[in-house]
Amino acid sequence: MSFAKLLGGSEVCRQLEALSDSRRIPHAVVFESRDMQLAKSAAAELAAAFLCESEGKRPCGVCKACRKVRDGVHPDVYSVETTGGKQATGVGEIREMIADCYIKPNEGQGKVYFIFDKMTPEAQNALLKILEEPPQNVQFVITTEKSTLLLKTVLSRSVLFKLTQSGEDKTSDEAFEIAVEIARAVPQNIELPLLGATSRLLKSRELTKQVLEQLSEFFTMALEEKYLGEGGYEDYITGMTRMLKRGSIVKLFDVVSKAQEMLSHNCNMNVLVTWLCANIRESRH
Ligand SMILES: [Zn+2]
């Protein structure tokens, strides 16, 4: 595994790689994700990076430390266990962890503690004390479905990374790019840019769904700008605000809603894309 495989080429992935390579991993990291398996895999990756023995890229994936972390047998990587069938990790477990922090590592350069379960507020307050003055070479990795479940004070002493899966993230970038292309093409009176942008939708229904959502947001912004005056929007929004009448933007908004409905009814993609292109063109007038 590597951050790139887990998280694709996302910004978060680049940040984690840069921190790992330069050995500047923060003392406390919070991984937020709806996918707990992804968060746990990222935690293991970060632990490997922290303990990796390589002088080059970290985690190297081949040194003894990396292999042991990957196999879940590194003696300096601990997972705080919630005991007694409770819903959340309590203050007792956190205090035990804190006491353990000050004991020298078994074989590595440092120790890593995973906190995967929810924590009670008391447990978080206990954790806070160690986050304020962390011992040398100790790394805490907290995973959570929602960072708002953590106390603000804990978050402010940690570095938060919001994780999305590689596929998810990549598609969103592409969808955003296509939506921008369409928004730029809309006010122009030449066909080609609009045709080019909309034809990219034929690639997949999921992509089309995301592009339509994005477009609906863009048209809302353009309407807002029409009503409220210029508000520092990007050029592709301002372009529409300047060149299109208010009625045209409203029509575009309706076209997108109709296209979303067609998509949800499993309409043929060629029909949908042709319809969309023709109706966007119509709305300009
Ligand atoms: Zn390594």
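Of the 285 residues of the protein, 34% count as buried, in what is a predicted model. The fold comprises 13 helices and five strands. Because its radius of gyration is 25 Å, well over the 19 Å that the globule rule gives for 285 residues, the protein is more spread out than a compact globule.

**Overall dimensions and contacts**

- When contacts between residues at least 6 apart in sequence are considered, 71% of them join residues that are at least 24 apart.

- An α-helix has 3.6 residues a turn, so residues three or four places apart point the same way.
- After α2 comes R23, a residue whose phi is positive, near 50°.

**The pairing of α10 with α12**

- Helix α10 (residues 205-228) packs with helix α12 (residues 246-264) at an angle of about 160°, and their axes are 9 Å apart.
- Since angles over 145 degrees count as roughly antiparallel, α10 and α12 are therefore roughly antiparallel to each other.
- The crossing in which α10 passes α12 is left-handed.
- From α10, the residues R205, T208, K209, L212, L215, S216, F219, A222, L223 and K226 take part in the contact, and they meet R246, I249, L252, F253, V256, A259, Q260 and L263 of α12.

**The pairing of α12 with α13**

- Helix α13 (residues 269-283) packs with α12 at an angle of about 170°, with the two axes 9 Å apart, and α12 and α13 are therefore roughly antiparallel to each other.
- On the α12 side of this contact are S248, K251, L252, V255, A259, M262 and L263, which meet L272, L276, N279, I280 and S283 in α13.
- Among the α12 residues, L252, A259 and L263 meet α10 and also meet α13.

Note on methods:
Residues numbered from 1 in each chain as written. Predicted model: local features only at pLDDT ≥ 70, side-chain atom pairs only at ≥ 80, totals over all residues. Helix = DSSP H or I, 4+ residues; strand = E, 2+ residues; numbered from the N terminus. Rg over C-alpha atoms; globule rule 2.2 N^0.38 Å. Buried ≥ 20, exposed ≤ 12 C-beta atoms within 10 Å, placed from the backbone. Contact = placed C-beta atoms within 7 Å. Axes fitted to C-alpha atoms, helices over the stretch in contact; angles between N-to-C directions. Parallel < 35°, antiparallel > 145°, perpendicular 65-115°, else oblique. Left-handed = near helix turned anticlockwise from the far one by under 90°.
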